[in-house]
Amino acid sequence: MRKRRSRPKDKLEQDSRIDPAKARERVFHRAGKLLAAKPRSVEELRERLLEGRGATKAAVEAVIQRLREYGYLDDAKFAHSFASLRVQQRPIGRQRLQRDLWLKKVDKKTADAALDLVFEATPEGDLIDRAIAKRVRLRGKPETRADAKKLFDHLLRQGFAFELVVDKVRALAKANTDDED
């Protein structure tokens, strides 16, 4: 493991006297690297940029404004693409996606609009059916009440609405009892 060498004090003092144009340029390059690594929301990018050395609020705001003008930062597009990708990867409920977008620092209004579009294209009922089919394929149909409870808890953790989970698990349990008769 290599250790970083500490910079001499005079070099640190030079950084604090850097002109605002150079500071903005540094912040802009760092923003480009961060966005190239993965898409980010505006607030998430703002926090990461402010953590950087030599970044001032004014420089960060100027860079964010420029990135918005270029179309590289748009919370609505970010929220929609994030949510639709997550739904395509695996069945997941609206509540879980809403929480994930909140963790990505997307405001509630923007997140709700994106989730409405995603769940309009792929209804939550279809997603929960996919989740149940996958769980049954991996673990088998719930035989006991404890197995049904485990499935119920799993679906809630995936972010599906309580009422929807109750209906689907009851229907599956009823289908199991009908098969036994």
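Is F152 buried or exposed, and what is its relative accessible area?

Analyst: F152 is buried, with a relative accessible area of 16%. Buried means under 20% relative accessible area, exposed means over 50%, and partly exposed lies in between, using a 1.4 Å probe and protein chains only. This is a predicted model: local features need pLDDT of at least 70, side-chain atom pairs count only at pLDDT 80 or more, and totals for chains, interfaces and linings use all residues. Residues are numbered from 1 along each chain as its sequence is written, and side-chain values use heavy atoms, without hydrogens or water.

Next, the aromatic pairs. There are four of them in the structure. Rings of Phe, Tyr and Trp (its six-membered ring) pair if their centres lie within 6.5 Å; planes under 30 degrees apart are stacked, over 60 edge-to-face, and the rest tilted. Y70 and Y72 make an edge-to-face pair, 6.3 Å centre to centre with 85° between the planes. Y70 is partly exposed at 49% relative accessibility. Y72 is exposed at 58%. The F152 pair comes next: the ring centres of F152 and F162 are 5.7 Å apart and the planes stand at 90°, so this pair is edge-to-face. The pair links distant parts of the chain, 10 residues apart, with F152 in helix α9 and F162 in helix α10. F162 is partly exposed, at 46% relative accessible area.

The protein has 10 helices and zero strands. Helices (H or I, at least four residues) and strands (E, at least two) are DSSP runs, numbered from the N terminus. Of the 181 residues, 35% count as buried.

The largest nonpolar core holds 27 residues; V87, L97, L101, L155, F160, V165 and V169 have the most contacts inside it. Helices α5, α6, α7, α8, α9 (145-157) and α10 (162-180) each supply at least two residues of this core. A second, separate core has 14 residues, among them L35, L45, A59 and L73. A nonpolar core is a set of buried Ala, Val, Leu, Ile, Met, Phe, Trp, Tyr and Cys residues joined through side-chain atoms within 4.5 Å.

L97 is in contact (heavy atoms within 4.5 Å) with A83, R86, V87, I92, L115 and F119, leaving aside neighbours within four places in sequence.

Helix α5 spans residues 75-89. Its 15 residues reach 21 Å from first C-alpha to last, close to the 21 Å expected at 1.5 Å a residue. That expected span is 1.5 Å times one less than the number of residues. At the start of α5, a side-chain oxygen of D74 comes within 3.2 Å of the backbone nitrogen of A76. The buried residues of α5 include F78, F82, R86 and V87. Those buried residues pack against α3 (42-51), α6 (94-103), α7 (108-121) and α8 (124-139).

Helix α3 has its own buried set: V42, E44, L45, R46 and L49. They pack against α2 (20-37), α4 (57-70) and α5. R46 is buried, at 17% relative accessible area. Not counting residues up to four places away in sequence, R46 touches V60, E61 and I64.

Methods: Polar contact = N/O pair within 3.5 Å; in protein donor to acceptor, adjacent residues only side chain to side chain.
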